[in-house]
Amino acid sequence: MASRINTNFTLIPNQKYRRSNRRSNYVSNTLDSGSRPLSTLGNFKALPLEIFQIILKCLSVKDISMLSMVSKAVSQHIINYISTSSGSKRLLLQNFHNLVLPDKKQDTAIFEHYRSLGLLFKRCTLLLPTKERLKYIHKILAEVSCFKFSGCAAPMQCLGLSCYGMFLQTLTAGWDELECGRVFNFLCELTNFSHRIQTIVFSKPGNARKLELRIRLFCRNVLLDHWTHRHDSAFWLTRILKPWPIVYQAKLLYIIFGPISPQDGQVVWQKMIEEPTDDSSLKCLANAIKLLYNTGIKEWTPDDVIRLIDELSVVPREWLLENNARLLILSGNNICFAFMASKAVNGRSTELARLVVFLALVCEKELYCMDWAVQMMQKVCKVFNSSVEKTNFLQDVANAFAWVTMEMLHSVMSGDRDEEDRNFLNLFHLVHAQANFHKEVLYLTVNSLST
């Protein structure tokens with residue numbers, strides 16, 4: 001039976017929160033084009049509406065944004081201009097696929113345009129309640145098909161969702177968590193997000209590849225990648241993950257941050273279980289784990305994150321231990337030690353010993369300082385309660401080096417030519433890792449005796 005979804009996590013209280021200085025009838029007055037005669041237009045009052053809109057056409061988006069703060073009446077005129085076909089055509093640029101300029105200059109230009117547009121909408125709708133604010137903005141942006149969840153036929157070559165994310169980040173910057181929660185709920189309803197998530201987490205990995213890709217692009221480009229403060233990114237990632245049981249959290253994390261095919265952008269599910277991978281395939285996953293562990297989000301305890309890593313290492317099946325070790329190294333000292341200490345406390349000494357071997361192997365391959373692996377082992381030894389447990393663990397580490405060496409030697413002898421070359425190189429690195437690891441242990445022993 002599938003686990004039940006925690007639907008209460010993102011529900012918003014019924015109590016209404018109103019900003020100060022709002023009028024209850026402002027919504028209808030602002031969005032109604034036939035509002036009462038304007039009295040705060042200043043010198044603009046003498047201008048016909050057509051001339052005022054011609055002036056707006058001559059201004060940049062940033063200038064229009066500044067002008068919107070002059071008065072409520074001017075802001076209303078600007079809102080009316082945005083709602084016109086000429087205004088929306090000018091402001092809602094849609095050249096998301098025509099990437100003709102070198103060095104991503106056009107990418108930067110269109111991102112800056114939507115950053116400025118987000119600020120314009122933020123100022124124009126300042127006095128609206130959040131719900132009405134979002135409805136109005138959606139009404140305007142609905143004209144852009146590439147802003148929709150499945151609106152673009154070529155999502156990998158499209159900047160639409162990234163521009164939408166830039167717009168959203170600028171719009172909501174500085175909002176409190178309650179209002180940002182309202183935004184997330186609004187987007188979920190708009191895109192049927194929860195149902196789509198349910199479809200992929202209940203399906204076998206790879207059975208819904210196109211939907212996996214769409215969810216990855218929407219989460220990364222719209223919700224996660226544009227924030228400058230880590231706490232903000234952690235807030236949105238928490239909204240995505242926390243409604244689901246931890247097994248599905250791990251699967252979602254892999255879909256959003258795991259390795260993808262460079263050809264079609266689809267998630268590569270077999271990457272971690274077939275052969276050793278490199279840092280580039282794991283860097284995004286490690287950064288996401290650090291985000292949840294280090295930003296102090298109240299919904300995540302250190303134990304939650306360690307459990308999440310444990311679940312992640314069997315998605316879709318048990319990873320090669322070398323890939324697991326590489327992920328821990330990339331996640332940083334604190335997370336790596338917490339993960340290893342958890343195994344020590346739970347009596348999983350043999351697993352822990354094999355993990356030490358592969359930590360040493362990754363250090364050897366990447367030319368990291370081997371004394372780091374030795375110091376990590378030494379630190380973990382202090383977790384054990386008795387000297388007998390420490391001695392047994394050290395014996396397990398020595399045995400693990402021997403067993404892993406024999407396993408790799410067997411792979412070299414039984415594999416075909418291509419596999420033999422790859423496996424022999426891996427064995428070569430392991431022998432050097434063992435030698436350098438024990439050398440650091442000897443240095444540590446001699447130094448401790450001399451002091």
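Leaving out neighbours within four places in sequence, Leu223 touches Leu168, Phe184, Leu187, Phe218, Trp236 and Ile240, where contact means heavy atoms within 4.5 Å. This is a predicted model, so local features need pLDDT of at least 70 and side-chain atom pairs count only at pLDDT 80 or more, while totals for chains, interfaces and linings use all residues. Residues are numbered from 1 along each chain as its sequence is written, and side-chain values use heavy atoms, with hydrogens and water left out.

Leu223 also turns up in the largest nonpolar core, along with Phe96 and Phe437, as one of the residues with the most contacts inside it. That core has 139 residues; a core here is a set of buried Ala, Val, Leu, Ile, Met, Phe, Trp, Tyr and Cys residues joined through side-chain atoms within 4.5 Å.

Zooming out, the protein has 22 helices and 0 strands (DSSP runs numbered from the N terminus: H or I, at least four residues, for helices; E, at least two, for strands). Of its 451 residues, 48% count as buried, meaning under 20% relative accessible area with a 1.4 Å probe and protein chains only, whereas exposed is over 50% and partly exposed lies in between. Among contacts between residues at least 6 apart in sequence, 72% join residues at least 24 apart.

Then there is Ile51, which sits in helix α2 (residues 49-58). Ile51 counts as partly exposed because its relative accessibility is 37%.
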